[in-house]
Amino acid sequence: MKLKEYRIPMPLSLDEYHLGQQWTEIELLKETLQTCATHVTMFENITEQERMKIINDKVPLPLRDKISFLTPMTHRQYQIKDQKSKFFNFVFFKPKTDLVLDEYSWDSWPYTLTIVENLENSIRIIVQSYCQTNSPLAINQNCQVYFPLNTDQMRISKDYEIINVSERLDEKRDYRIDEDPTRNISLKKPNLLPLELNSKWYENQSSICVYKIVELMMLNDSNEEKSFLSKATNKIIWSSIVKTQRMLYHRFHQKMLCDIDQWIDKTMGNVREEERLLRKFLLQHQQTLFEHSNK
């Protein structure tokens, strides 16, 4: 079992965070669509029967109490061209092809569940999130309050990592000055930004905290003794996932803060309309690609 917990303090209210989260997801999806390397498919009109099958096939039994077929759900598929990591080519001895990721998400706010899988390589990543208003000291409390964890998971999750948005990304190529909360201001929330660089600002003020549990499942695992190559492969995959998730969460939350003047006056209705227009664009794009492929 591979499991990692992240805790992300944010100087926002729960309602502000929910709005900013939804808006930022849409903006980053738009950014993804601008690259020629990624094709995104959004699946529409998922039936009740299909929802139940997805839940039964993909959601671990202890998590099914958190969601139902009535919980708002999205299914997106990302086809990433020429982006397969070298260790996939080395370990699985397969020709280089597009990397296909299926993402299933359920929004039972303040709890959310996301499952990302690549069936070609039998990998499934399960991400549980919970947002909670915290006092400065509550960030260190046991996450068992928010997630259904067994004894082994509780033991592993004690080694959590705080993602501090006042710190800069380790990778210089990922750094963007317009997404650095220590170098930007807000006209609409002037007391919010800038944050002091590398400060533990969350120890001196109330905030919300986003708790995230990331778990890796290898779908071809068995109870038989694993080979050295299998163990080494799992270790490499997990190391890559942890590094990627940390970078994604760091950048996502920094962007959300720095772009606050663009979304703070919006409503959830505004965000849903943006999402509808984006979905319409994607469907038209998918239809265009389908027509060209049949010519």
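Is Arg 276 buried, partly exposed or exposed, and what is its relative accessible area? In this predicted model, local features need pLDDT of at least 70, side-chain atom pairs count only at pLDDT 80 or more, and totals for chains, interfaces and linings use all residues. Residues are numbered from 1 along each chain as its sequence is written, and side-chain values use heavy atoms, with hydrogens and water left out.

Arg 276 is partly exposed, with a relative accessible area of 39% (buried means under 20%, exposed over 50% and partly exposed in between, with a 1.4 Å probe and protein chains only). Its salt-bridge partner is Glu 273, with the closest N and O atoms 2.7 Å apart; a salt bridge is a side-chain nitrogen of Lys or Arg within 4 Å of a carboxyl oxygen of Asp or Glu. Both residues lie in helix 7 (residues 268-293), three residues apart, or about one turn of the helix. Helices (H or I, at least four residues) and strands (E, at least two) are DSSP runs, numbered from the N terminus. Glu 273 is partly exposed too, at 36%.

The structure holds 20 salt bridges. One of them joins the side chains of Lys 58 and Glu 117 (2.7 Å, N to O). Lys 58 lies in helix 2 and Glu 117 in strand 5 (residues 111-118), so this pair ties together parts that are 59 residues apart in sequence. Lys 58 is buried at 14%, and Glu 117 is buried at 1%.

A network of salt bridges links Glu 31, Arg 176, Asp 178, Glu 179, Arg 251, Lys 255 and Asp 259.
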